[in-house]
Amino acid sequence: MRTRLISVRLGSVLSGLLLALSATALVVAPQASAATGVAAVGEALKKGPVYVDPRAEAQLPKAEADALAQKIKDAGKPVFVAVLPATAEFPQDKVLGAVRAETGITGLYAIRLGDGFNAGADKAVMPQNAVRNLTEAVKTGTPVDASTQLNNFVDQALSQAKGSAPASWGSTGADGGAPVGGLITLGAVAAIGGGGAYALVRRNRKKKEEARREAIERLSVVVDEDITAFGEELDRLDFHPGEPGADDAMRKDYEQGLDSYEKAKQIMASVERPEEVRGVTQALEDGRYALACLDARRQGRPVPERRLPCFFDPRHGPSTEDTDWAPAGGAARTVPVCTADAVRLRDGQDPAVRTVDTERGPRPYYDAGPAYGPWAGGYFGGGILPGLLMGTMLGSMMSSPAYASDFGGGDYGSGFEGGDVSGADFNPSDFGGGDFGGGFDGGGGFDGGGGW
């Protein structure tokens, strides 16, 4: 009797749950199908990799859209696809960035707009040149249907995109057609497994945040020393704008030096990610060149050319020549050096290398770990730095994907990885690709579109 009573109650609970799910489906489905615009695209792409506007369903039928979505999910990459009608609510020159901002997730975004096609990506996921090349590869001079074009693009993109699928996609396939009983089972599994997955994500993010905080603490010591040293240089110059012989050029140099000093202090006071330190050392380098110009003008010498700072210690000021140098056990390379270090090297002595504190004691900055990449990048620039650092610990670490994600890499980007939720916190100049164009008439009627 008790068993029958439990069965009856369980049946009542399940019946109620079924009714609730059915009612929810009846209410939500019409709203989802009726929703349009960039907001609807963003919301849909948070839940799955493929969105087809109801007005564009003829281009990519549901079965083909589901198959494309499953392909992306199986690969686990942050690749987003939208098929949209060419209407005023989707302006060709803004829709790509608008969808990225609305979705709020770093990734590679491909949009079929009418008969045109364009794609864009955050640099953490794919370089802009690669996006442009892939985009152009799927634009042909003959008509091509949406399914063929999008599958061709996705097939190539999945092997190149970095990062992972956002957690908001879950692990199921395309929506639709699942029995209610299956939904209940999947819901129970998600409730149990989702908690563990969420905990894992939180642990990973916590570890990264701890690493970034530690990197900022280390950088703060070095950068504060640099800012202090620059302030002492300003004092040693003992320049007064109204002193005899001072002219407008000298006053401008001095003002630039003061501005750089204040800018460096302001940036450092608000640093939240290691890569932001690059702005501090860039400001200090600008200031040091201004002070070198001021000193030359006061002594009646020609203004020095703008050169990189001394490789061994940027506090030495702008370099005066290039010389060959090799780290212990490493290959020789040409580095910019100050006059004093050039003389030391010619005399067979060691240069005055900037050292920083590590667990192993004082070490040259280029052998002290990845945290000093942003610091060095501000002085030497992301483009030239890898060549200067080849064969050193910092150079090796900067070339790894782990460094790129944790410390900004050579591009010193936002710090977000593919699949991370960044919201609208992304630099449009770091999100790029090709131009809209269809291929049916040589450009799909979207002349001048895209441009990222």
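The chain has an average pLDDT of 76, and 68% of its residues score at least 70. Two stretches need some care. Residues 1–34 stay under 50 in pLDDT, and the model gives them eight contacts beyond four places in sequence. Residues 423–429 also stay under 50, with 13 contacts beyond four places in sequence. Where pLDDT is low, the predicted coordinates should not be read in detail.

**Two loop residues**

Let's start with Val353, which sits in the loop between helix 10 (339–346) and strand 7 (355–356). Its relative accessible area is 23%, so Val353 counts as partly exposed. Leaving aside residues up to four places away in sequence, Val353 touches Phe312, Pro364 and Tyr366. Arg363 is ten residues from Val353 along the chain, and their C-alpha atoms are 9.1 Å apart.

Asp238 is another loop residue, found between helix 7 (180–237) and helix 8 (248–269). Although Asp238 is not a glycine, its phi is positive, at about 50 degrees. With a relative accessible area of 46%, Asp238 is partly exposed, because that label covers values between 20% and 50%.

**Positive phi values**

Two glycines have a positive phi as well. Gly104 follows helix 4, and its phi is near 75 degrees. Gly114 is in the turn of the hairpin formed by strand 3 and strand 4, where two residues separate the strands, and its phi is about 65 degrees. As for helix 4 itself (residues 95–103), its buried residues include Val95, Leu96, Gly97, Val99, Arg100 and Thr103.

**The paired strands**

Strand 3 (residues 108–113) and strand 4 run antiparallel, and six bridges join them. Across this pairing, Tyr109 stands opposite Gly120 in strand 4.

How many residues of strand 4 (residues 116–122) are buried? Seven of seven, so the strand is mostly covered. In a regular strand the side chains alternate between the two faces of the sheet. In strand 4 both faces are covered: Gly116, Asn118, Gly120 and Asp122 are buried on one side, and Phe117, Ala119 and Ala121 are buried on the other.

Further along, strand 5 (residues 321–325) is joined to strand 6 by five bridges, and this pair runs antiparallel. Thr323 has Val335 in strand 6 as its bridge partner. Strand 6 (residues 333–337) is mostly covered, with four of its five residues buried.

Here are the two pairings in brief:

| Strands | Bridges | Direction |
|---|---|---|
| strand 3 and strand 4 | six bridges | antiparallel |
| strand 5 and strand 6 | five bridges | antiparallel |

**A helix pair**

Two packed helices are described by the angle between their axes and the distance between the axes. For helix 3 (residues 62–75) and helix 6 (residues 146–158), the axes come within 11 Å and cross at roughly 0 degrees. Angles under 35 degrees count as roughly parallel, and helix 3 and helix 6 are therefore roughly parallel to each other.

Which residues make the contact? Helix 3 brings Glu64, Leu68, Lys71, Ile72 and Ala75, while helix 6 brings Ser147, Leu150, Asn151, Val154, Asp155 and Leu158. Sorted by class, the contact of helix 3 with helix 6 has six nonpolar, two polar and three charged residues.

Notes
Residues numbered from 1 in each chain as written. Predicted model: local features only at pLDDT ≥ 70, side-chain atom pairs only at ≥ 80, totals over all residues. Heavy atoms only, no water. Axes fitted to C-alpha atoms, helices over the stretch in contact; angles between N-to-C directions. Parallel < 35°, antiparallel > 145°, perpendicular 65-115°, else oblique. Contact = heavy atoms within 4.5 Å. Nonpolar A, V, L, I, M, F, W, Y, C, P; charged D, E, K, R; others polar. pLDDT = per-residue confidence, 0-100. Buried < 20%, exposed > 50% of the residue type's maximum accessible area, 1.4 Å probe, protein only. Pairing = 2+ DSSP bridges.
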